[in-house]
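Visitor: Can you walk me through this one? I'd like the layout, then some detail.

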Amino acid sequence: MVYYVSGYERRAMKHINSSEDYLKCILELKEKHGHVRSVDVACEMGVTKPSVSNAMKKLRREGLIRVDEDGYICFSETGKQIAEKVHNKHLLITKVLMHIGVSENTASKEAHMIEHVISDETYRCLQDFHSDYEPKKG
Ligand SMILES: [Zn+2]
């Protein structure tokens with residue numbers, strides 16, 4: 001994929017390969033297929049296998065995932081918590097941005113940046129804001 005990007009978009013793309021995004025991707029693939037290998041992550045994120053191997057190595061070193069002898073990726077408790085948090089942040093931020101009129105494409109792209117830098121305080125406020133206009137079911 002080769003195209004010209006603005007500084008703004010370059011900043012957005014820099015986040016694509018962050019550890020948090022790898023964890024989020026693993027979580028989403030697990031939800032879809034029940035199991036995940038590095039090759040699935042490479043495919044889903046559109047990155048090369050060596051990039052994924054490096055990322056997985058880092059996540060393993062940090063104790064966030066384990067890889068079993070068949071190459072399947074499992075979360076540690078902490079890894080799972082981080083993955084779920086980023087996943088939920090992404091969904092919520094995308095929804096709130098769309099609620100205020102941002103297009104889905106832009107909202108999703110920018111949620112990708114915001115999800116990694118937003119403070120817990122702001123995130124809590126966004127949760128409150130969101131539940132005001134869209135009350136939780138049940
Ligand atoms: Zn992201």
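**Helices and their buried sides**

Guide: Let's start at the end of a helix. Just after helix 5, Gly 101 takes a positive phi of about 105°. Keep in mind that this is a predicted model.

Visitor: How many residues does helix 5 have, and what does it span?

Guide: Helix 5 covers residues 77–99, which is 23 residues. From first C-alpha to last it reaches 33 Å, close to the 33 Å expected.

Visitor: Which residues of helix 5 are buried?

Guide: Gly 79, Ala 83, Val 86, Lys 89, His 90, Ile 93, Thr 94 and Leu 97.

Visitor: And what do they pack against?

Guide: The buried residues of helix 5 pack against helices 2, 4, 6 and 7, plus strand 1 and strand 2.

Visitor: Zoom out. What's the order of elements from the N terminus?

Guide: The chain runs α-α-α-α-β-β-α-α-α. There are seven helices and two strands. Buried residues make up 21% of the 138 residues.

Visitor: Now helix 4. Which residues are buried there?

Guide: Val 52, Ala 55, Met 56 and Leu 59. They sit on the same side of helix 4, because they cover an arc of only 100° around the axis.

Visitor: What's exposed on the other side of helix 4?

Guide: Pro 50, Lys 57 and Arg 61 are exposed there.

Visitor: What covers the buried residues of helix 4?

Guide: The cover includes helix 2, helix 3, strand 1 and helix 5.

Visitor: Which residue takes a positive phi just after helix 4?

Guide: Gly 63, at about 75°.

Conventions. Residues numbered from 1 in each chain as written. Predicted model: local features only at pLDDT ≥ 70, side-chain atom pairs only at ≥ 80, totals over all residues. Helix = DSSP H or I, 4+ residues; strand = E, 2+ residues; numbered from the N terminus. Expected span 1.5 Å × (residues − 1). Buried ≥ 20, exposed ≤ 12 C-beta atoms within 10 Å, placed from the backbone. Contact = placed C-beta atoms within 7 Å. Arc of directions from axis to C-beta.
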